Amino acid sequence: MLDFETTVKTRQSIRKFLPTPMTEAEIRQTLMDAQNSPSACNIQPWQVHIASGETLERLKKRFLAAAAEGKFTPDFEFNQAKFLGKYEARWRNQYEHVFTTSYGIPREDKAARQVVYDDNFVGYGAPHMAFLFMPSIGNHDVNVAADMGMYSQTFMLSLTARGFGSIPQLALALFADEVREELGISSDYKLLHVISFGHPDWDAMQNQKHLGRIPVDESATLHW
């Protein structure tokens, strides 16, 4: 197990996984760690569905087919164009990091970029995906989403501490109806995001460079 500081500083979004699956015991231990996450009024709203093996392969095929048809059914809107000013600069830097630094693909090579998009839709080869569903509670949805975020971070940090890796993916939440149908999930639950996880391929170029963060003084103010 890694110590806390090392875990936090080395967690990164993995974009190439080995096909070797985790054991059920390893996955359950990570889920038990995540279950200790805080939530408003201790409601513990997360409903987590883990897909592996043949089930996951069926889902991946459905995702690629739906994407090719432009058939997207997200439960929550995501439009990066609404991130303006300094936030736009950050997401553009992230795109540069993924396509140019990690994959070595120039901006004008649209065909090669499509390969990366498709890789995104199959979780970068991860042998497991965690689909995080939440109940819709009207004006409290934002609070529930905050609880889900804390659960997700705990889950991913547990994976890192135990020698595994993960990547949170909003792109896979574009296929909410596909997931509900395949896994038999009620429409009362909304798909917030997905975490692909497993054993990282540390030899892959995509995992060689860690995207940095802004200085603390740009995001935090201490009042004494």
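## Helix α7 and the overall fold

The cover over the buried residues of α7 includes α3 (53-69), β2 (128-135) and β4 (189-198). The model described here is predicted. Helix α7 itself comprises residues 176-183, and its buried residues are Ala176, Glu178, Val179 and Arg180. Gly184, which comes just after α7, adopts a positive phi of about 70°.

Seven helices and four strands are found in the chain. Read from the N terminus, the order of these elements is α-α-β-α-α-α-β-α-β-α-β.

Contacts can also be viewed by sequence separation. Of the contacts in the chain with a separation of 6 or more, 82% join residues 24 or more positions apart. Buried residues account for 38% of the 224 residues.

As to overall dimensions, the C-alpha trace of the chain spans about 55 × 50 × 40 Å along its principal axes.

| Property of the chain | Value |
|---|---|
| Accessible surface | about 12,800 Å² |
| Share of accessible surface belonging to carbon and sulfur atoms | 55% |
| Positive side chains | 22 side chains |
| Negative side chains | 27 side chains |

The centres of the positive and negative sets of side chains lie 3 Å apart.

Note on methods: Residues numbered from 1 in each chain as written. Predicted model: local features only at pLDDT ≥ 70, side-chain atom pairs only at ≥ 80, totals over all residues. Heavy atoms only, no water. Helix = DSSP H or I, 4+ residues; strand = E, 2+ residues; numbered from the N terminus. Buried < 20%, exposed > 50% of the residue type's maximum accessible area, 1.4 Å probe, protein only. Contact = heavy atoms within 4.5 Å. Areas by Shrake-Rupley, 256 points an atom, 1.4 Å probe, with all protein chains shown as cover. Lys, Arg positive; Asp, Glu negative; His and termini not counted. Charge placed at Lys NZ, Arg CZ, Asp CG, Glu CD.
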